[in-house]
Amino acid sequence: MKRGSLGVLVIAAKGLDNSDFLCKMDPYVVITCRTQEQKSSVASGMGSEPEWNENFVFNLSSGVSELSIKIMDSDSGSNDDFVGEAKIPLEALFEERSIPPTSYNVVKDEEFCGEIRVGLTFTPKEVDDRSLEEESYGGWKQSSYQE
């Protein structure tokens, strides 16, 4: 059971497909870890080579196997455009505890459309076996008293 905190450092992206025809796009990222979602600031006017250098922290419980990072283009007056997505498997991170900034492929419609550079850290939370045992009884300890 992997519990703890996941630190995500979103550094930059490069080689993105520009979804704006007349001007540079204004990209931001949406990071999803199971049911938790966080957004970066908008890299206004940075086009296909945005930089964020932002840290995010997620609380992990069991069953988390990957991190999803969607790159969006902020558009005023219309819906934001989907630029692409990177899916990062977390199994190696749980073993290593830290993965230095690494470039991951950004994909849209199963085609490569750029790279995003991300650093990851995992800080495990020690789980006390006794608390797990108590949880199995709804928080109540089973009595050892016998008649």
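A salt bridge here is a side-chain nitrogen of Lys or Arg within 4 Å of a carboxyl oxygen of Asp or Glu. The views below come from a predicted model, where local features need pLDDT of at least 70, side-chain atom pairs count only at pLDDT 80 or more, and totals for chains, interfaces and linings use all residues. Residues are numbered from 1 along each chain as its sequence is written, and side-chain values use heavy atoms, with hydrogens and water left out.

**View 1. E66, E85 and K87 join into one salt-bridge network.** E85 pairs up with K87, and their closest N and O atoms are 3.4 Å apart. At 18% relative accessibility, E85 counts as buried (buried is under 20% relative accessible area, exposed is over 50%, and partly exposed is in between, using a 1.4 Å probe and protein chains only). K87 also meets E66 in a salt bridge, at 3.8 Å from N to O. E66 sits in strand β5 and K87 in strand β6, so this pair ties together parts that are 21 residues apart in sequence. (Strands, E with at least two residues, and helices, H or I with at least four, are DSSP runs numbered from the N terminus.) Both ends of that pair are partly exposed: E66 at 37% relative accessibility and K87 with a relative accessible area of 46%.

**View 2. K14 and E115 form a salt bridge of their own.** The N to O distance is 4.0 Å. K14 belongs to strand β1 and E115 to strand β8, so the contact links parts that are 101 residues apart in sequence. K14 is partly exposed at 48% relative accessibility, and E115 is partly exposed at 23%. Searching the whole structure turns up three salt bridges.

**View 3. E54 is buried without a salt bridge.** This residue is part of strand β4, residues 51-60. What is the nearest side chain of opposite charge to E54? It's K39, 12 Å away (Lys and Arg count as positive, Asp and Glu as negative; His and the chain ends are not counted). The E54 side chain does make a polar contact of 2.3 Å with the side chain of S41. (That means a pair of N or O atoms within 3.5 Å; within protein, one must be able to donate a hydrogen and the other to accept it, and residues adjacent in sequence count only if both atoms are side-chain atoms.) Setting aside neighbours within four places in sequence, E54 is in contact (heavy atoms within 4.5 Å) with V8, L9, V10, S40 and S41.

**View 4. An aromatic pair joins F94 and F122.** The two rings sit edge-to-face, 4.9 Å centre to centre with 70° between the planes. (Rings of Phe, Tyr and Trp, taking its six-membered ring, pair if their centres lie within 6.5 Å; planes under 30 degrees apart count as stacked, over 60 as edge-to-face and the rest as tilted.) F94 comes from helix α1 and F122 from strand β8, so the pair ties together parts 28 residues apart in sequence. Both F94 and F122 are buried.

**View 5. The largest nonpolar core has 32 residues.** Such a core is a set of buried Ala, Val, Leu, Ile, Met, Phe, Trp, Tyr and Cys residues joined through side-chain atoms within 4.5 Å. L6, V8, I31, L67, I116 and L120 touch the most other members. Not counting residues up to four places away in sequence, L6 touches several residues, including C33, F56, F58, L67 and L120.
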